[in-house]
Every structure is written in structure tokens, then in C-alpha cells.
Amino acid sequence: MSSGASPETARTTPSSAGVKRLLARTLRHLSRAALGALGVLLVTFTLIHLIPGDPVEILLGDAATEELVAKYRQILGLEGSLPQQFARYLASVAQGDLGTSIQTGQSVNSVVARTLPMTAWLIGVTVLMALLMALPLGVAAALLRGTWFDHAFRVATSVSLATPSFYFGLLLILLFAVRLGWAPVAGYQPGFPGNLQYLWLPALTMSGALVPILARVLQSSIAETMEQEFVETAIVRGLPAPVLVWRYLLRPSLAPTISLLGYILGQLLSATVVVEIVFNLPGMGTALVVEGVLLRDYPVVQGIILIFALIVVAVSFLSDTVSGWLDPRTRLS
Amino acid sequence: MKRRPRFLPVDLNRSALVGAAIVLLVIVLSVLVPLLSPYDPVAATGPALAAPGGQHLFGTDQLGRDVFTRTFAAGRLDLILALVGVSAPLLVGTFLGAVLGTTRNRLVAWLWLMVIDAINAFPFVVLVIAIVAVVGPGVTGLLIGLAAVNWARYARIARSRALILRNADFVEATRVLGYSRLRVLVRHILPNVYSETIAYGLSDFVIVVLTVSSLSFLGAGVNPPTPEWGAMIADGRLYLQTQWWITVFPGLALSFTAIGVALLAHGVSGRYAGEK
């Protein structure tokens, strides 16, 4: 442990052994991410085989002719043995082909391309909004540990986490859109900055689940940082408060939050599905439910959940890597 | 290594008591609703869209069904679904995880771990809804979806716990005593692993009850006309501006339940989700 060292001195003297260790770590994370992606593909591939009975028969019913059956088998990738099917699935995904919708005949790629930007905007605005709320809350809760504020913080975050986002969203619509008229009730127009008008209320709804997680992680990691000797040293040195809070409290405390990004993104993507439906936003979540699940369009379901999971795997890899860079102490020990 | 029987409510503080009271109230009302209310939860029993009060404490919905009766009939279904959706994966996942944490067969353990990590990589609601899409909506589909996804999280927790326990002194001692590996697993490792996953199970109950109602809200869960909180909220959405009671009462019941369990979980385990 090098807990006594100031974060500055640790950063300015990177030993070559430290850099090597960092590279080895990154490689290990990368191989783990590749394996994770393979596992994710195995799950999405297995999904279609969970259908009780023959999916083609279920889809076609009495309309089944030999020709149609053969065509649907081909679209669903159900020709040949299981290993052959999986190999074909891997090959097509590797070439960037997510399959074809059985309801509309569109490529799943085009469904993703049409809906991904809106979902990305929603998540981006949510993260920004949630950080703006969670940072001061987390810092305050850590500094005021054991006071009434801390207790109120704990209860409020528990309540917020336990409130279903679709209910919270409806209440926000009732208050901000219907009563106050500050936002449209539902719908979306692409194009920055006009789209923010449609996004801020859904983003606020999603923040209801995100802020408690972020603020709690921040609170506990800041509380841990405060016990470090370098913080005491900084206080004794009489540094101005902003420098103290940012460089000596927040920066060393951000690593745990960043290493949780993969988990947090998973939570956000789950929330997107529900919130997009509540606010009638044409994103990936709406596509998954309306075009995929409710219409039983298996390739659309497979394709969209694959993208969701791959995003989580990629972000987990990035956050593991970045949190290693951000906190120099992980390079030393 | 201290052995902590964590699931015993050793530290029943104020938040745990408040949580327990809320949960108890919802359970009692849900169980007793056939005695408390003369109405059928799925049949029209009054004028449509009647305001709360008088004959109908919570009002009636667009089909003239009594919202009070439906809210607590839904409570029974949601609580049972969440209970099964937590306990089945808890039992299976913990056992599997403990076995994986103690087995000497590296390859098998590695393959299982890959599957566990792959399932956990998916956003929870997203994978459950995808499985419901293929096996078909309804109570059975919902339970299959929850079980198929949720076991992996318990297995992950149980495995890391078992890995630590494997090297604990008291397990070391059983080896010296020459106990069989099965006996060590069942009598010494599993009880300690279960106390860990049961503590997690309480906060997981919140996630599962919210997932059940979210899926029904989206139309991919419990089928109408069966009363279910999420489905009722979806029903009342169109009337939100004028007949708020159709949406607000089931929503309050759902939030109260989730908050009650969250407070209970928070108080009983003395720590909370998000904090390590």
C-alpha cells in the first residue's frame, strides 16, 4: 500500500515496471472482454432455441408451405446442425450482419441504425444530468457523515431506487408536461439542441434510478479517501478548498465510480426500454418492445439485445482500463 | 474468519422496522382483500370511471372494475411472483456457485463461469423480456425468464464467497479431520454462502418486483384481465389527466412495497446496495 504518498508524486514518477504492469493488465482486460463478447453471442444464439416447439411452425401456422418454411429457416439461421448454425451466426455477426426482420423484411442493422442515435442521446443527457446531481450530493453526504443529512440521504436514495421508473415517469409527465407545460407530453424530434426539449424529462426519470447509485458510491469512496494521510497533509498545507476537494478528494475517489460504469450502463439500458415506451421515444428500447417482443420478431430481439450486451461489455472493458490509469495507486500495487 | 449468520435480523433498527411494517401491511391487505371487499377483481362491479369514495374506496376503472379490489388482488400475484422469482434462482444459483467455487475441475468451472458472466453482461430487464418474447408472455413465461437470468447473479456472488471460504481456517480444519468433500461443501461451505446470498436476496426482491411490473406495463408480462400493478398502471395511462386514481393507487401500492422491502433489506443487512 502506498496510501501515504500524494497522488501527485505517484503520477509524476511512473516506473517502467509500472507501465509494463499496466499494459499487462490492459491485455488481460481485453482478453476478458473478447471472451465476454463470445459468451454474449452464445446467449443470443441460444435464445431462439428456447422457443418451445418449432419457431417456423409457430410463426407460419396454417400458412406454412414448403417454400415458406425453407425461407424462414434460412432467415432464422436454423439450417444444419447446432455447431454449424452457431458458426454461421458468428460469421455473420463478425461481418456486421445482425440478420433480417421476419415481419418487415428490413435488415436488423437498419433498425439499429435508425434507433441507436436517439437512445445514445437519452443516455448521454441522463448521465450528464445524473452526474450534476450526484456529485454535490455524494460530496455533501460524505462530508456530513452521521448527521441528519446523511440519514435523509440514505432514506431518500432507498426510496428513489425502489420507485418504478414507469410510475415515476408518469408522475413527472403529469406535473411538468400536463400541469406546468414545461415539456411535450411525449414524442421526439431529432437534431441538437431541439431534441433536448424532448429528452430532459425522460432523462430526469432515468436519473431517479441513477443518481442514488452514483451518489452512494461517491459517498463511500470519498469517505474512504478522507481517511488517507495525503488528505490530512493537504488540509495542513492550507490549500484552497476547490483544490482540496477536486484534487485530493474527488479525483482519487472517482476510480470506484468509473469501474462501475459497465454495471451502471446495464441499469441505464434496462431503464431505457421502459422510459422510451412511457415517453413514446423512437429509440432502441421501443424497437425492442414494439417491433421485436410484441410482434415476436425474433431476429430483431436477438439483434437489439446483442447490441445492448456488447455495449455493456465494451464499456466495462474501457472503465476497467481507464480506472487503472486514473488512480495511479493501482499501478504500484 | 468470522462466521456471521447475516440473515438473522440482529440489528433491527428503525428503517428495518418501518420497512417490515409496510411490507406486513401490504401482505395483510393482499391476503384479506377477498374478505374486505365484496367485489370481483376481474368483473365490472359499478359505473365506469367512478371517483374514489362511497361504494368504491379507490374508485373504478374504465371498465367499471373496483380499483381497491384489483390493487390488492394484484398485490397477491406480484408478491408471489417476486417471491418465486427470487427464491428459485437463489437456491439453484447459490448451490451452483458454491460448487463452482470449490470444484477442482478447472475446465468445467471456467466454462460455467463464462456462461454466468455472459448472462450477467445483459441488462437485466432486457434479457428477461427477450426470453419472455420467445417462450411467450404470461405468468409462466415471466417466471421462466426471471429464473433463467437471475440464477447467474446468485451464482456469481456464491462463487466468490466460496472461493474465500475454501481457504478459511475452519475449512482447512475439516480437511485435517478428513471429512469428505461433499460433507465439507454441504455442512460447512453452503450454510455460509447461503447467508450471504439471502442477504442479497432481500434487495434483489426489490429489483424483481419492479421487473415483473415493468414487463407487465410493457405488455410482455401478466396477461389482462388478471390484475397486476404494472398492467393496471398501463391501463390507466390514458386517463391519467382526469381519472388519476386508476394509475396512482396501484402505483402507490407498488412503490410502497418496493420501498418497504428496500428499507427492510437496508436495515437487516446494515449496508446497502451500491456500497461495497
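**Figure 1. Confidence along chain B of the predicted model.** The pLDDT is the predictor's confidence in each residue, on a scale from 0 to 100, and the structure shown here is a predicted model. Among the elements of chain B, helix H2 (residues 67–102) has the highest mean pLDDT, 94, while helix H6 (residues 169–176) has the lowest, 83. Over residues 1–11 of chain B the pLDDT is below 50, although this stretch still has 19 contacts in the model beyond near neighbours in sequence. Residues 271–276 of chain B likewise have a pLDDT below 50, with 11 contacts beyond near neighbours in sequence. Chain B as a whole averages a pLDDT of 86, and 93% of its residues score at least 70. For the model, the scores are ipTM 0.85 and pTM 0.86.

**Figure 2. Confidence along chain A.** The mean pLDDT of chain A is 85, with 93% of its residues reaching 70 or more. Where pLDDT is low, the predicted coordinates should not be read in detail.

**Figure 3. The fold of chain B, built from helices.** Chain B has 9 helices and 0 strands, and, read along the sequence, its pattern is α-α-α-α-α-α-α-α-α. Taken along the principal axes, the C-alpha atoms of chain B fill a box of roughly 75 × 45 × 30 Å.

**Figure 4. The interface of chain B and chain A.** In this view, 47 residues of chain B are in contact with 47 residues of chain A. The two chains bury about 4,100 Å² between them, and 78% of this area lies on carbon and sulfur atoms. Across this interface of chain B and chain A there are 0 salt bridges, whereas 5 residue pairs are in polar contact, counting pairs with both residues at pLDDT 80 or more. On the side of chain B that touches chain A, at least two residues each come from helix H3 (106–121), helix H4 (124–135), helix H7 (181–217), helix H8 (229–236) and helix H9 (245–269) of chain B. H9(B) gives the most to this side, with 11 residues. Sorted by class, the side of chain B that touches chain A has 34 nonpolar, 11 polar and 2 charged residues.

**Figure 5. The two domains of chain A and the contact between them.** The domain assignment of chain A gives domain 1 (16–94) and domain 2 (108–332), and the C-alpha centres of these two domains lie 29 Å apart. Their contact takes 24 residues from domain 1 of chain A and 18 residues from domain 2 of chain A. About 1,800 Å² is buried between the two domains, of which carbon and sulfur atoms give 75%. Across the interface of domain 1 and domain 2 of chain A, 2 residue pairs are in polar contact, with both residues at pLDDT 80 or more. Helix H2 (16–47), helix H3 (55–60) and helix H5 (82–94) of chain A each supply at least two residues of the side of domain 1 that touches domain 2. To this side of domain 1 of chain A, H2(A) gives the most, with 16 residues. The residues on this side of domain 1 of chain A divide into 16 nonpolar, 5 polar and 3 charged.

**Figure 6. A salt bridge between the domains of chain A.** The structure holds 10 salt bridges over all chains, and the count between domain 1 and domain 2 of chain A is 1. A:Asp320 forms a salt bridge with A:Arg32, and the closest N and O atoms of this pair are 3.5 Å apart. The side chains that meet here, those of A:Arg32 and A:Asp320, link distant parts of the chain, with A:Arg32 in helix H2 of chain A and A:Asp320 in helix H14 (residues 298–326) of chain A, 288 residues apart.

**Figure 7. Backbone details in two loops.** In chain B, a cis peptide bond joins B:Pro224 and B:Pro225, with an omega of about 5°, and B:Pro225 is found in the loop between H7 and H8 of chain B. In chain A, A:Asn280 has a positive phi of about 55° although it is not a glycine, and the place of A:Asn280 is in the loop between helix H12 (261–278) and H13 of chain A.

Conventions. Residues are numbered from 1 along each chain as its sequence is written. Chains are lettered from A and ligands numbered from 1 in the order in which they are written. Side-chain values use heavy atoms; hydrogens and water are left out. Contact means heavy atoms within 4.5 Å. Buried area is the accessible area (1.4 Å probe) that two parts lose on being put together, summed over both. A salt bridge is a side-chain nitrogen of Lys or Arg within 4 Å of a carboxyl oxygen of Asp or Glu. A polar contact is a pair of N or O atoms within 3.5 Å; within protein, one must be able to donate a hydrogen and the other to accept it, and residues adjacent in sequence count only if both atoms are side-chain atoms. Helices (H or I, at least four residues) and strands (E, at least two) are DSSP runs, numbered from the N terminus. Ala, Val, Leu, Ile, Met, Phe, Trp, Tyr, Cys and Pro count as nonpolar, Asp, Glu, Lys and Arg as charged, and the others, Gly among them, as polar. Domain bounds come from an automatic or database domain assignment.
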